[in-house]
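Here is a short briefing on one protein model. Look over the sequence and the structure, then read the points below.

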Amino acid sequence: MASTTMAKINEDQVRKAVKALLKWKKLQSKKTHEPQNLNSLSDEEENEEDGVVDDNFIYLQLTLKKIPPKELTTPHKITLPNPFFHPLESFANICLIIDDRPRKPHNSKTKLDVETVQKKLKSEGISITKVLKFTKLKSEYKSFDSKLDLYSSYELFLADKRVMNLLPGLLGKQFYKKKRKVPVPVDLRGNSNWKEEIERACSSTLLCLGSGTCSVLKIGRGGMENGEVMENVLAAIDGIIEFVPKKLNGVRAFHLKFSDSLALPVYEDLPDQVQNTEKKKK
């Protein structure tokens, strides 16, 4: 991490936030095994109707001082040192969207099909739960319910980079509203080493700067070691400031949270008036 960033990021504060958040998640997981009352059940049903699904991911919440320029709203891939998906393990719940559109006559490369892709994935020892054709996504996932079912069925979505710009209109707001399951782009045509490409994608997170000042990105999941999550937080911050105008000086705050938890601060650049008030309180 750049020295200027390290000077402003309090690693001890990051460490405390990670520890507190993971401890809270463990306590919450114990509660899920206890009998639920009617109020908690009705709350869950209401969430399901709204399309809100709690997950096990840890999010880094970015708050900027100003709304970013439109040219910066393209998703940016940031590599993390500790992956929270393992495509070589059978329990990885991953959906891969392939570009099976007909090739142009002058293009010698044949289109991808599910059988060909599955054979190559198997030969390289990559565990992908679902291979979904782009044309099938376009024709069979038109209703809100079908899109919500797809959203809820997989933890991670990968997509051929050639169709990335077409996916927002097909997948719908659920995938992009809170940026929790925006597909990670992979190059399946220009890269013969799919294993390396998919492993790199599973070790990455996406920064999607929106039309406001707040954005979130995945940096870990419950069950990871404290040190692994902390390393990912610091790496994510380092990657984020490369795309933010004015670098860290353009950042108002970083918070750490689960989808159903409070947001814990790991960095705050408070206005001078607020800082003076805080000093007086101390």
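Which strands and helices do the buried residues of H6 pack against? They pack against strand S4 (130–133), helix H5 (134–140), strand S5 (156–160), helix H7 (167–171) and helix H8 (173–176). Keep in mind that this is a predicted model.

**The whole protein**

- The protein has eleven helices and ten strands.
- It has 282 residues, and 43% of them count as buried.
- Take the contacts between residues at least 6 apart in sequence: 77% of these join residues at least 24 apart.
- The accessible surface comes to about 15,900 Å². Carbon and sulfur atoms hold 50% of that surface.

**Helix H6**

- Helix H6 covers residues 144–153.
- Its buried residues are Ser 146, Lys 147, Leu 148, Leu 150 and Tyr 151.
- Tyr 151 is also among the residues that Lys 181 touches.

**Lys 181, a buried lysine**

- Lys 181 sits in the loop between H8 and strand S6 (184–186).
- Lys 181 counts as buried because its relative accessibility is 11%, and the cut-off for buried is under 20%.
- Leu 156 is 25 residues away from Lys 181 along the chain, yet their C-alpha atoms are separated by 6.5 Å.
- Leave out residues up to four places away in sequence, and Lys 181 touches Tyr 151, Ser 152, Tyr 154, Glu 155, Phe 157, Phe 175 and Lys 218.

**The cavity**

- The model has one cavity of 30 Å³ or more.
- The volume of the largest cavity is about 130 Å³. It is lined by 14 residues, and the closest to its centre are Val 182, Val 184, Thr 205, Leu 206 and Lys 218.
- Two of the contributors to this lining are strand S7 (204–207) and strand S8 (214–221), each with at least two residues.
- The lining has nine nonpolar, two polar and three charged residues.

- Leu 22 belongs to helix H2 (residues 11–31).
- Leu 22 is buried because its relative accessible area is 6%, against a cut-off of under 20%.
- Leu 22 and Asn 226 are 204 residues apart in sequence, but 7.5 Å apart in space, C-alpha to C-alpha.
- Beyond four places away in sequence, Leu 22 touches Ile 58, Gly 222, Met 224, Glu 225, Asn 226, Val 229 and Phe 258.

**Helix H10**

- Helix H10 runs over residues 226–240, which makes 15 residues.
- H10 reaches 21 Å from its first C-alpha to its last, close to the 21 Å expected at 1.5 Å a residue.
- Its buried residues are Val 229, Met 230, Asn 232, Val 233, Leu 234, Ala 236, Ile 237, Gly 239 and Ile 240.
- An α-helix has 3.6 residues a turn, so residues three or four places apart point the same way.
- Val 229 is one of the residues that Leu 22 touches.

- Where is Lys 246 found? Lys 246 is in the loop between H10 and strand S9 (251–258).
- Phi of Lys 246 is near 70°, a positive value in a residue other than glycine.
- Lys 246 is exposed because its relative accessible area is 63%, and exposed means over 50%.
- Lys 247 lies in the loop between H10 and S9.
- Lys 247 is not a glycine, but its phi is positive, at about 55°.
- Lys 247 is partly exposed, with a relative accessible area of 40%.

Terms used:
Residues are numbered from 1 along each chain as its sequence is written. This is a predicted model: local features need pLDDT of at least 70, side-chain atom pairs count only at pLDDT 80 or more; totals for chains, interfaces and linings use all residues. Side-chain values use heavy atoms; hydrogens and water are left out. Helices (H or I, at least four residues) and strands (E, at least two) are DSSP runs, numbered from the N terminus. The expected span of a helix is 1.5 Å times one less than its number of residues. Buried means under 20% relative accessible area, exposed over 50%, partly exposed in between (1.4 Å probe, protein chains only). Contact means heavy atoms within 4.5 Å. Accessible areas come from the Shrake-Rupley method with a 1.4 Å probe; for residues, only the protein chains shown count as cover. On a 1 Å grid over the protein atoms alone, a cavity is a set of points where a 1.4 Å probe fits but cannot get out, and a pocket is an open set with protein on both sides within 12 Å along at least five of seven lines; lining residues have an atom within 4 Å of a point. Grid points are joined across faces, edges and corners, and a volume is the space filled by probe spheres set on the points. Ala, Val, Leu, Ile, Met, Phe, Trp, Tyr, Cys and Pro count as nonpolar, Asp, Glu, Lys and Arg as charged, and the others, Gly among them, as polar.
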